[in-house]
Each structure stands twice: as C-alpha cells, then as structure tokens.
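I opened the notebook to record what I looked up in one chain. The entries follow the order in which I went through them.

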Amino acid sequence: MPESKRYADDESEYTVVLERYNTVLDELFAGADVYVITPLWTAEAEVPSLQPVTGYWQSLLVEDDPAPEFRTYCHLFAARRPWRRGCIDESLRDIADDKVAGVLITDTRMQRIHHPYDGGADVFLATSEERDRVRDRHADWLSRHPSGL
C-alpha cells in the first residue's frame with residue numbers, strides 16, 4: 001500500500017490492495033489457466049479429515065524431527081482455474097489480513113509464480129528481463145526502505 005503500509009484499515013485501502021494484486025496477476029496470467037496452491041501445515045503425516053479432498057496435491061515432510069510430536073508436514077492443495085480478475089479476491093483479502101499464508105498462484109507450467117502475503121507480494125519470473133519489466137512498471141509500488149523490504 002502507499003507509504004509502505006502493511007495492513008488495510010478500511011474498504012478504500014482494501015480496494016488498493018486488491019487492485020495491486022489483480023493488476024500484476026492480470027499481467028502474468030490474463031487469458032490463461034492458473035494453479036492456486038494453498039498449504040496446510042500440521043504435525044500429522046495424514047491429510048486432516050476436515051480438509052476437503054478436492055484439490056489435494058501432495059504432502060511434504062518439512063521438519064524431520066526424531067520426536068514425532070515435533071515433525072512438521074505441509075499438505076498442498078492445488079486448484080486449477082481460468083484466471084479472471086477478481087476470481088480469488090476473497091483469498092487475497094484473507095492473505096492481506098494474514099489469515100492465510102503461503103499461497104502461490106502459478107501458470108500451469110510453473111514458470112511464473114505470484115506469492116502474495118500481508119504487506120505485498122513476491123513475483124518469480126522465467127527471465128531477469130521479464131522481472132525487470134514488471135518491477136519497472138510498478139516502481140512506485142515498491143518499498144522506499146533501502147533494503148527494498
């Protein structure tokens with residue numbers, strides 16, 4: 001958001017957040033299908049029964065501690081959908097509020113990845129030239145902090 005503000009306080013600020021997310025997502029994915037990949041972190045190897053099975057992709061052992069109660073698993077759910085501006089606004093709003101984390105939006109070849117988070121987004125592109133073009137188009141959105149964060 002403007003002034004490198006991290007969280008929206010009112011609807012006008014949510015409008016700015018969603019507009020920025022959707023502008024970049026449109027640039028990356030307009031007219032294409034995307035995967036929306038959502039993680040679920042647990043201490044169990046099995047996918048929790050309360051999670052819908054739809055879209056289950058795979059589970060990863062993230063922390064392989066010798067004590068089972070300290071092991072961490074990440075269960076990934078991938079939903080394929082045609083990209084349309086606003087189609088995941090509810091999820092993007094939850095991400096902006098830090099209610100959900102770790103979501104990735106990617107093309108079906110996984111060459112472009114958009115990782116939104118509370119306070120911004122990371123964009124991973126196939127070439128440094130493409131990265132620079134996207135960065136330059138939105139230079140006024142970047143943090144003014146010397147580290148860029």
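The entries below go from the overall layout to single residues.

**Basis.** I worked from a predicted model, in which local features need pLDDT of at least 70, side-chain atom pairs count only at pLDDT 80 or more, and totals for chains, interfaces and linings use all residues. Residues are numbered from 1 along each chain as its sequence is written, and side-chain values use heavy atoms, with hydrogens and water left out.

**Layout.** I found three helices and six strands in the chain. Helices (H or I, at least four residues) and strands (E, at least two) are DSSP runs, numbered from the N terminus. The elements run α-β-β-β-α-β-β-β-α from the N terminus on. I noted a C-alpha trace spanning about 45 × 30 × 30 Å along its principal axes. Of the 149 residues, 28% are buried (buried is under 20% relative accessible area, exposed over 50%, partly exposed in between, with a 1.4 Å probe and protein chains only). I then looked at contacts (heavy atoms within 4.5 Å): among those between residues at least 6 apart in sequence, 61% join residues at least 24 apart.

**Sheet.** I asked in what order the six strands of the open sheet lie. The order is β2-β3-β1-β4-β5-β6, and the pairing is antiparallel (two strands pair if DSSP finds at least two bridges between them). β2 and β6 (120-124) are at the edges with a single partner strand each, so one side of each has no neighbour in the sheet. The twist from one strand to the next averages 25°. Between β2 and β3 I noted six bridges in the antiparallel sense. Leu60 is opposite Cys74 in β3.

**Helix α1 on the sheet.** I looked up what α1 covers: α1 lies across β1 (33-42), β4 (104-107), β5 and β6, and runs at about 170° to β5. Axes here are lines fitted to C-alpha atoms, for helices over the stretch in contact, and angles run from 0 to 180 degrees between N-to-C directions.

**Helix α2.** Which residues of α2 (residues 89-96) are buried? They are Leu92, Ile95 and Ala96. Seen down the axis, the buried residues of α2 fall within an arc of 100°, so they line one face of the helix (the arc is that of the directions from the helix axis to the C-beta atoms). They pack against α1 (11-29) and β5 (113-117). Just after α2, I noted a positive phi of about 60° at Asp98.

**Aromatic rings.** I searched the whole structure for aromatic pairs and got one. The ring centres of Tyr56 and Phe77 are 5.8 Å apart and the planes are at 70°, so the pair is edge-to-face. Rings of Phe, Tyr and Trp (its six-membered ring) pair if their centres lie within 6.5 Å; planes under 30 degrees apart count as stacked, over 60 as edge-to-face and the rest as tilted. Tyr56 belongs to strand β2 (residues 56-63) and Phe77 to strand β3 (residues 72-82), 21 residues apart. Tyr56 is partly exposed at 35% relative accessible area, whereas Phe77 is buried at 9%.

**Charge over a ring.** I noted the charged end of Arg93 over the ring of Tyr14, 3.6 Å from its centre. The criterion is NZ of Lys or CZ of Arg within 6 Å of the ring centre and within 35 degrees of the ring normal.

**Glu130.** Is Glu130 buried or exposed? Glu130 is buried, with a relative accessible area of 11%. Glu130 is in helix α3 (residues 128-137). Neighbours within four places in sequence aside, Glu130 contacts Arg112 and Leu125.
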